[in-house]
Amino acid sequence: MTESFHEQLRIDSRFLKSDQRLDTELVDKLILQLNRIYPQILTDKEASKFRDLDVPTCIRLAELLSHLQDKGEEACREFYHALHLHVEDVYFSLPTRLRLRDSGEPVGPIPSPTDRYVINDHSPFFFLSCFSVAVGAALLYYYGESKQVSGSSSTLGLAAMGLSRKVRDVLIWYIEVGK
């Protein structure tokens, strides 16, 4: 069973504190992400405390991790999200991520970009037919206002050649009615 983000952060904290890839700039990016996107997790006052450059980065990071664990599950989840966005190589080398990958379970809480932005699963022909209908409707509208019926009928006849049967029937009917 998958552990909670709170438990994962408790396990990963030792690794994160010792990882040299989390330098001052990256820790600041994580703090700013949590502060700007999720001010309920990290307020301005807390963010400025954790961004104090007079305090060594390893101490600031340790305090941040402890603070997030005290805030609860949502804060821990958003920390992992920020870590995944800004320091992907560290994210995928975390002990909990490695263990999940070895066990065959889904590696991360973040959905893949293809899952996130799938509009639908129709084929390209579906979109081509929708585009054809839109072009046909535009032609009908444009030439329907015109008084030159003879010019519109030849254009609509050509437009009907590449369309589906139902659309073609409508265009041909429109041409015949116009004459």
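Student: Which residues of H5 are buried?
Tutor: In this predicted model, the buried residues of H5 are Ala 75, Cys 76, Glu 78, Phe 79, Tyr 80, His 81, Ala 82, Leu 83 and His 84.

Student: And what do the buried residues of H5 pack against?
Tutor: They pack against five helices that you can find in the structure above, namely H1 (5–18), H2 (24–37), H4 (57–71), H6 (88–92) and H7 (95–103).

Student: How many residues does H5 have, and how far does it reach?
Tutor: H5 runs over residues 73–86, which gives it 14 residues, and from its first C-alpha to its last it reaches 20 Å, close to the 20 Å expected at 1.5 Å a residue.

Student: Let's take H1 then; at what angle do H1 and H5 pack?
Tutor: The angle is about 50°, and the axes of the two helices lie 9 Å apart. H1 therefore counts as oblique to H5, since an angle between 35 and 65 degrees is neither roughly parallel nor roughly perpendicular.

Student: Which residues make that contact?
Tutor: From H1 the contact involves Phe 5, His 6, Gln 8, Leu 9, Asp 12 and Leu 16, while H5 contributes Glu 73, Cys 76, Arg 77, Phe 79, Tyr 80 and Leu 83.

Student: Is the crossing of H1 and H5 left-handed or right-handed?
Tutor: The crossing of these two helices is left-handed.

Student: Stepping back, how many helices and strands does the chain have?
Tutor: The chain has eleven helices and zero strands, and of its 179 residues, 33% are buried.

Note on methods: Residues numbered from 1 in each chain as written. Predicted model: local features only at pLDDT ≥ 70, side-chain atom pairs only at ≥ 80, totals over all residues. Heavy atoms only, no water. Helix = DSSP H or I, 4+ residues; strand = E, 2+ residues; numbered from the N terminus. Expected span 1.5 Å × (residues − 1). Buried < 20%, exposed > 50% of the residue type's maximum accessible area, 1.4 Å probe, protein only. Contact = heavy atoms within 4.5 Å. Axes fitted to C-alpha atoms, helices over the stretch in contact; angles between N-to-C directions. Parallel < 35°, antiparallel > 145°, perpendicular 65-115°, else oblique. Left-handed = near helix turned anticlockwise from the far one by under 90°.
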